[in-house]
Amino acid sequence: MGGFGWLWNMLGDTSGRNQKRSIALVKKAESLLDDVAALPDEQLSERGRAAAQSEDYAALLAVLSVASQRWLGMVPFDVQLQATLRLLEGDVVHMATGEGKTLVGAMAATGFALRGKRVHCITVNDYLAHRDAQWMRPLVEFFGLSVASIGEKMDSDSRRDAYRCDVVYAPVSEIGFDVLRDQLIVRPEDAVQHGADVAIVDEADSVLVDEALVPLVLAGSAPGVAPAGQITEIVSRLTESEHFEVSEDGRTVFLNDRGAAVVERELGISSLYDQEHVGTTLVQVNLALHAEHLLHRDVHYIVRDGKVQIIDASRGRVADLQRWPDGVHAAVEAKEGLDVTEGGRILDTITLQALMGRYPMVCGMTGTAVEAIDQLRQFYDLRVSVIERSAPLRRFDEADRIYATVEDKTAAIVQEIARIHATGQPVLVGTHDVAESETLAERLGDQGIDVVVLNAKNDAEEARIIAEAGDVGKVTVSTQMAGRGTDIRLGGADESRRDEVVELGGLAVIGTGRYRTQRLDNQLRGRAGRQGDPGLSLFFVSLDDDVVLAGGAGESVKADVASDGRIDSKRVGDFVAHCQRVTEGQLLEIHSQTWKYNKLISDQRAIIDERRFDLLHTAVAWEELRAHNPQRAGELEASGVSVETLEQAAREIVLYHLDYGWSEHLALLDDVRESIHLRAIAKETPIDEFHRIAVLEFKALREKAVRDARETFATIDIDAEGAHLDDLGLHRPSATWTYMVGDNPLQSSGNSVINALTSAFR
Ligand code: ADP
Ligand code: MG
C-alpha cells in the first residue's frame, strides 16, 4: 500500500487531513463492530437511524457494515467504509475499478436517507440504474427506506411513484428530461419529480466533466426543414475540394464558388445567396452537405428498423430517442432514403452541469477523479478524496508503441493481439468509434481470430458480453465507454477459469490510440488489474492520430522510422504526451468559456423556475390578472364559473405566455451568441456583450409575458371547462422529442447549426 504521498501535496492539506480523519473514524467504527453485530435486526436498524441523525459516523458506519453483511452478503472493506464517509461529507472519491463503488454509493445513500434526505443515485445508463437498485435494495429497505430506479421506458405515473422513494437510482439523462418536462406542466399534480437533496454520481467524471456541457433538449413538433429530395441528390454528387471545403477540424462544411454554381444551375436559380434563398434553399443545401459529408453511417449513426439512430460518440452506444436538431436529422433521413420525420422546435434545454447545480449537495465516485481535480473544483467546488486500493495494483502499463502512419499502427495492433491471443490471454481492445471497431474485428477475423464486437449495434447485451471478456482466449473489441460499470472477472463471469487466466497474466487491455485526455486513457486501462489481479495495458499511437494532429498543430518531430513504421524514440513519446496535454488544455478552455455562456442562462432559468413554482402552487396568476383587469374578472366571477376553474384558467394563460417567451428567449440568445462572434472580431469582449444583451432581453421577456397574458385574459373564452386557449391559436406544444447534442444548441443558428452539432462527434 502507500505510494500516494505525492498526491496529498497535489490535493492540498484539507484532503490529507480528511483522509487521516476518515481512517481514524473507520478504526473506531471497526472497534464497535462486535457490539453492533450482536444487535437483532430491529435494534440494528434503530441504531443506524439514531447514529445518522446525530451524525455519529463511527456508529453509522459500523451499522451499515453489519447490515451489508446481513442483507447483501458483503463485508465492506475498510477502504469502502472510508469512501462512504467521504461521500457523506460531500467529496468525490477516487476509487479504482472493481473496488466496490456500488456498495459505497448505496451505504452513503442509506446514510443520507436516514438523515431524512432524498437521494438521487446517478448512473450513466438505464441498465446500471436498474442493476444497482435491485442489487442494493435489501440494504436500503432494511432500514425502512424505499428505493426505486428510473428507466427510459417508464410512463409518467410510474416515474412519479419512483421519484417518491427515499433513494432513486436513475440515469442522468432521464433525470434531466424529467426536470425539463416538469417545466411544462400546468397542474402541480402532473409533476413527476419532487426535488432531491443529494446527488451521488457514479462515474462522476463522465457526468460532471466529459458530458457536462451536453445539453438535454426537449423539443416539440414543428414542420421540418428537411432538404427536398432534389437537393439531397444534387449534393450527393458534389466532391470535396472541387465543390466544397471541409474545415480543418472537420466540423464545418461549406460550398465554394464552383459548388454553388453547380447547385444553382441544377436548381435553375440565379443565386443561392439571394435574399429569397438564403433562409431556405441555402439552409437546405447546407443541411444536406452536412448530412452527406460530415455525418457518416456507422460512425455517427446507424440505420436500424428504418430509422436513423445516433451513436453517442463517447460511449459508442446508440442514444435512443435522440435527434439532431434543426433539420439535420431530417437531412440524414433524406440522405439514407428513409421517410423524413418532422423537425422540432426547442422548448427547453439544460446542460448536465446546470442540472447538477440544482442539487443542494453533490458527491460521487470514479476511478479517475484525480485526473479531474481542476474541473471538479472549478465547476462544482468539489474536492477529491483518494481511496487506496484494498489490494496493490499488479497491472503492468507498457510504454506507448508509436508508428508513423495509421496503416502501420493498425498492422502492429493486429499482430500484437494475435500474439497475445495465441497464448490464451484474454484481450480487451478499446477503439475510438464503431467504424474502427468493425474494421479491426474484420482484420482479426481474417487472421482466424474469433472476436466479439461491443458497440452500438448490440448494446442490449453489452453488460453480459463484457462480463465474459476476461475468459481464456476471449478477444473483445469495444468503444471506450461500452459496458462501463460491469465487472470483468478473470476466467469468465463465474471465474471458473480464474487460475488459468491469472497464470496467463490476467486481462490485457489494448488502446488503439490515445484519447483526448489522459483521464480517458486511464478509464480504459482501469479495466485491467481489478482487485489486485494481474493485467496489462498498452496503447498504440500513430503520428496521424487525431490527438497528435490536434495537439501538435504545426509542430513536427524528426525521428528514425523502422521498416515496419515503428518509431522508437523517447523524444517522440514525449511529443505525443505533449500533444495530449495540449488537447486537454483546449478542452478545459472550451469548457470554461462555454460554461460562462451557460451559467447566465442557467441563472435565468432559476428565476423562471421560481416564478413557475408560484404560478403552479398558488392563485397568484388569477390574483394578478384580476388586479389588472377587475372588470373582466368581475364578469367571469358573475358568470357562475367556479373559483378553482378561474384560478386554473388564469394559471394556464400566464404559464402559456411564460413558457412561450422562454422558448423564444432561448432561440434569441442562440442568435445573439452567433453574432457575438462577429463582434469579437471588432474587438468587443464577447461574453460581456452577451451578458448585457441577455439580461436586457430577459427583462423584456418577462414584461412581454405579462402583457400578453393580460391581453389574452381580456378576450379569451373561459367557461366551466376552463380557458379555451386553442381557440386563440395558443396551442401548448407537446414535448415529443428528447435529445442530447454534444454542445450547446443555443450556439446553433442558420448556417452554423452545423458548428455546434459536430463537436458531439469528436
Ligand atoms: P466498481 O464500481 O468500483 O468498479 P463494483 O461495485 O461493480 O465495483 O464491484 C465490483 C465487484 O466487487 C462486484 O462483483 C462486487 O460484488 C464485489 N464486491 C464489492 N465489495 C465487496 C465486498 N466488500 N466483499 C465482497 N465483494 C465485494
Ligand atoms: Mg461501478
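This is a predicted model: local features need pLDDT of at least 70, side-chain atom pairs count only at pLDDT 80 or more; totals for chains, interfaces and linings use all residues.
**Aromatic pairs**

I searched the whole structure for aromatic pairs and got seven. I then looked up one of them, tryptophan 662 with phenylalanine 698. The ring centres are 6.4 Å apart and the planes sit at 85 degrees, so I logged the pair as edge-to-face, given that planes over 60 degrees apart count that way.

Where do the two residues sit? Tryptophan 662 is in helix H27 (residues 643–681), while phenylalanine 698 belongs to helix H28 (residues 686–715). The pair therefore ties together parts that are 36 residues apart in sequence.

Tryptophan 662 has 4% relative accessibility, so I put it down as buried. Phenylalanine 698 comes out at 6% and is buried as well.

I also noted a cluster: Trp71, Phe142 and Phe143 are linked by ring pairs.

**A charge over a ring**

Which ring does arginine 632 sit over? I found its charged end over phenylalanine 713, 6.0 Å from the ring centre.

**Helices H14 and H15**

For two packed helices I want the angle between the axes and the distance between them. For H14 (residues 281–293) and H15 (residues 328–335), the axes come within 8 Å and cross at roughly 60 degrees. The two helices are therefore oblique to each other. I have the crossing down as right-handed.

Which residues meet there? From H14 I listed Leu287, Ala288, His290, Ala291 and Glu292. Their partners in H15 are Val328, Ala331, Val332 and Lys335.

Conventions
Residues are numbered from 1 along each chain as its sequence is written. Chains are lettered from A and ligands numbered from 1 in the order in which they are written. Side-chain values use heavy atoms; hydrogens and water are left out. Rings of Phe, Tyr and Trp (its six-membered ring) pair if their centres lie within 6.5 Å; planes under 30 degrees apart count as stacked, over 60 as edge-to-face and the rest as tilted. Helices (H or I, at least four residues) and strands (E, at least two) are DSSP runs, numbered from the N terminus. Buried means under 20% relative accessible area, exposed over 50%, partly exposed in between (1.4 Å probe, protein chains only). A charge sits over a ring if NZ of Lys or CZ of Arg is within 6 Å of the ring centre and within 35 degrees of the ring normal. Axes are lines fitted to C-alpha atoms, for helices over the stretch in contact, and angles run from 0 to 180 degrees between N-to-C directions. Angles under 35 degrees count as roughly parallel, over 145 as roughly antiparallel, 65 to 115 as roughly perpendicular and the rest as oblique. A crossing is left-handed if the near helix is turned anticlockwise from the far one by less than a right angle, and right-handed if clockwise. Contact means heavy atoms within 4.5 Å.
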